[in-house]
Amino acid sequence: MLGLYDIQYFYEFLFWVISFLILRTVWHRPKVRLGYGYAVTAFNFFAIVMYAISSMSGQMKPVDAFVFAFLHAMVSFVMLTLIYKEINIEKSKAQQKLEINE
C-alpha cells in the first residue's frame with residue numbers, strides 16, 4: 001500500500017500547507033498579491049512553451065498539446081485579468097478616500 005514513492009505526496013502536502021501559511025500571513029500586501037499573480041502567469045506560460053516543445057518533438061499528440069496549452073493560456077488570462085481588476089479597484093478605493101477626506 002505505501003511504497004517507496006508514496007512519501008513524495010507527503011512532501012507535496014507539506015509544501016502546499018507551508019505555502020498556504022506563509023501566503024496567509026502576507027496576503028494583505030498588494031505587492032505580494034501582484035507578485036503571486038505574475039508568478040502564476042509566468043509558470044503557465046512556461047507550461048505552454050513546454051507543451052509546444054513536446055508536440056514538436058513528437059512526445060505528445062498535437063491536439064493534446066494544444067488542449068493543455070489552451071487550458072494554461074486561459075488560466076494565465078484569468079489571472080492577469082484579476083490582477084488588473086484588483087489594481088483598478090484599489091485605485092478607485094484610494095481615490096474615494098481622498099475625495100471623502102477633502
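Gly58 sits in the loop between H2 and H3. At 58% relative accessibility, Gly58 is exposed (buried means under 20% relative accessible area, exposed over 50%, partly exposed in between, with a 1.4 Å probe and protein chains only). From Gly58 to Trp27 is 31 residues in sequence and 41 Å in space, C-alpha to C-alpha. This is a predicted model, in which local features need pLDDT of at least 70, side-chain atom pairs count only at pLDDT 80 or more, and totals for chains, interfaces and linings use all residues. Residues are numbered from 1 along each chain as its sequence is written, and side-chain values use heavy atoms, with hydrogens and water left out.

**Confidence**
- Mean pLDDT for the protein chain is 88, and 95% of its residues reach 70 or more (pLDDT is the predictor's confidence in each residue, from 0 to 100).
- Among the elements, helix H1 (residues 7–26) has the lowest mean pLDDT, 89. Helix H2 (residues 30–57) has the highest, 92.

**Fold and overall form**
- The protein chain has three helices and zero strands (DSSP runs numbered from the N terminus: helices are H or I of at least four residues, strands E of at least two).
- The radius of gyration of the protein chain is 20 Å, well over the 13 Å that the globule rule gives for 102 residues, so the chain is more spread out than a compact globule (taken over C-alpha atoms; the rule is 2.2 Å times the number of residues to the power 0.38).
- Along the principal axes, the C-alpha atoms fill a box of roughly 65 × 35 × 15 Å.
- Buried residues make up 14% of the 102 residues.
- Of contacts between residues at least 6 apart in sequence, 58% join residues at least 24 apart (contact means heavy atoms within 4.5 Å).

**Ser54**
- Ser54 belongs to helix H2.
- Ser54 is buried, at 16% relative accessible area.
- Not counting residues up to four places away in sequence, Ser54 touches Gln59 and Met60.

**Largest pocket**
- The largest pocket holds about 180 Å³ of space (a pocket is an open set of points on a 1 Å grid over the protein atoms alone, where a 1.4 Å probe fits, with protein on both sides within 12 Å along at least five of seven lines; the volume is the space filled by probe spheres set on the points).
- H2 and helix H3 (62–101) are the elements that give two or more residues to its lining.
- The lining has 13 residues (each with an atom within 4 Å of a point). Pro30, Arg33, Leu34, Ile83 and Glu86 lie nearest the centre.
- By class, eight lining residues are nonpolar, one is polar and four are charged (Ala, Val, Leu, Ile, Met, Phe, Trp, Tyr, Cys and Pro count as nonpolar, Asp, Glu, Lys and Arg as charged, and the others, Gly among them, as polar).
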